[in-house]
Amino acid sequence: ARVLARLGGNIAKAVEAGEWWRLPASTFLHLGFLHVALNMVNLWVLGRLLEPVLGSLRFFALYVIAGVGGALASTAFATQAGMSVGASGAVMGVLGAIIVDVVASRQSGKPSPWRRELLRVLLIVVAFQLGVGFLFEMIDQTAHVGGLVTGALVAGLLTPAWRLGAHRLSVVWATALAVIAAALVAYGVWGAATTTRLETVDRVGWERRSLGGVSLEVPRLWLWGDEARVSDPTWQLAQTLM
């Protein structure tokens with residue numbers, strides 16, 4: 001947990017204290033090989049559907065912004081304490097964008113049986129993903145929903161199947177979004193490279209806790225009692241998948 005926290009794990013208390021760089025940084029961190037492998041397989045499958053439609057520049061912008069949107073939702077609405085890492089918010093954003101593109105294509109006078117079936121399959125996948133999130137506490141459901149919604153909204157600007165995405169000036173806002181996405185990635189890397197663990201502890205602050213009748217001043221980042229689902233004597237943080 002200490003390494004992930006140091007490199008940019010999404011810790012709500014730290015983000016609220018000003019470490020906003022954790023939002024993009026956390027989307028590139030994972031808890032292990034299985035976690036990253038699952039997300040990358042999902043990204044490969046969904047990306048093969050969406051990237052040829054949007055192009056690499058628009059796809060990059062959508063992926064990064066959806067991931068940050070999911071991380072922001074996790075910080076704003078998560079009910080559990082601890083740290084969240086992973087790319088699944090961004091992957092869910094890609095899924096949301098594909099749904100928007102399919103719906104837009106049907107409404108633009110290009111309905112076909114395979115599009116209808118594809119939409120049905122995509123909605124089933126969304127229901128499955130969100131259902132699994134409700135079953136396992138360690139999955140960051142708010143990041144999934146936040147990424148899904150953000151990806152759908154950004155797709156409204158970028159998909160050629162809708163008027164905004166097909167407009168001759170769409171290259172302007174597509175390029176602007178890509179620049180913003182690149183800046184977010186750079187910001188995450190900069191924050192991870194320049195912020196030490198002790199700086200984060202001091203920035204979040206300290207508080208008084210009682211332990212065995214003794215009053216101690218401890219970092220606000222430490223979790224106590226039911227909050228702490230993993231044990232780390234130096235940096236005690238619950239870990240969450242997203």
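This is a predicted model: local features need pLDDT of at least 70, side-chain atom pairs count only at pLDDT 80 or more; totals for chains, interfaces and linings use all residues.
Residues are numbered from 1 along each chain as its sequence is written, and side-chain values use heavy atoms, with hydrogens and water left out.

**Exercise 1. The chain as a whole**

Task: State how many helices and strands the chain has, and what percentage of its residues count as buried.

Solution. Step one: the chain has 11 helices and five strands, where helices (H or I, at least four residues) and strands (E, at least two) are DSSP runs numbered from the N terminus. Step two: 46% of the 242 residues count as buried; buried means under 20% relative accessible area, exposed over 50%, and partly exposed in between (1.4 Å probe, protein chains only). Step three: the accessible surface of the chain is about 12,200 Å², and carbon and sulfur atoms account for 67% of this surface. Such areas come from the Shrake-Rupley method with a 1.4 Å probe, and for residues only the protein chains shown count as cover. Step four: among contacts (heavy atoms within 4.5 Å) in the chain between residues at least 6 apart in sequence, 67% join residues at least 24 apart.

**Exercise 2. The nonpolar cores**

Task: Identify which residues of the largest nonpolar core touch the most other members, and which helix gives the most to this core.

Solution. Step one: a nonpolar core is a set of buried Ala, Val, Leu, Ile, Met, Phe, Trp, Tyr and Cys residues joined through side-chain atoms within 4.5 Å. Step two: the largest such core has 33 residues, and those touching the most other members are L50, L62, Y63, V94, I98 and L158. Step three: at least two core residues come from each of α4 (33-54), α5 (56-77), α6 (88-107), α7 (113-135), α8 and α10 (170-194). Step four: α6 gives the most, with 10 residues. Step five: a second, separate core of 10 residues includes A5, A14, V201 and V204.

**Exercise 3. Two helix pairs that share α8**

Task: Describe how α5 and α8 pack, then how α8 and α10 pack.

Solution. Step one: two packed helices are described by the angle between their axes and the distance between the axes. Axes are lines fitted to C-alpha atoms, for helices over the stretch in contact, and angles run from 0 to 180 degrees between N-to-C directions. Step two: α5 and α8 pack at about 145 degrees, with axes 7 Å apart. Step three: the residues of this contact are nine nonpolar, eight polar and one charged. For this division, Ala, Val, Leu, Ile, Met, Phe, Trp, Tyr, Cys and Pro count as nonpolar, Asp, Glu, Lys and Arg as charged, and the others, Gly among them, as polar. Step four: α8 and α10 pack at an angle of about 145 degrees, with their axes 9 Å apart. In this pair, V154, L157 and L158 of α8 meet W173, A174 and L177 of α10. Step five: the contact of α8 with α10 comprises six nonpolar, no polar and no charged residues.

**Exercise 4. Individual residues**

Solution. Leaving aside neighbours within four places in sequence, A155 is in contact with L62, A97 and V100. Beyond four places in sequence, G151 is in contact with L62, A66, G93 and A97. The C-alpha atoms of A71 and T142 are separated by 8.3 Å, although the residues are 71 apart along the chain. Not counting residues up to four places away in sequence, P160 touches V53, L54, G165 and A166.
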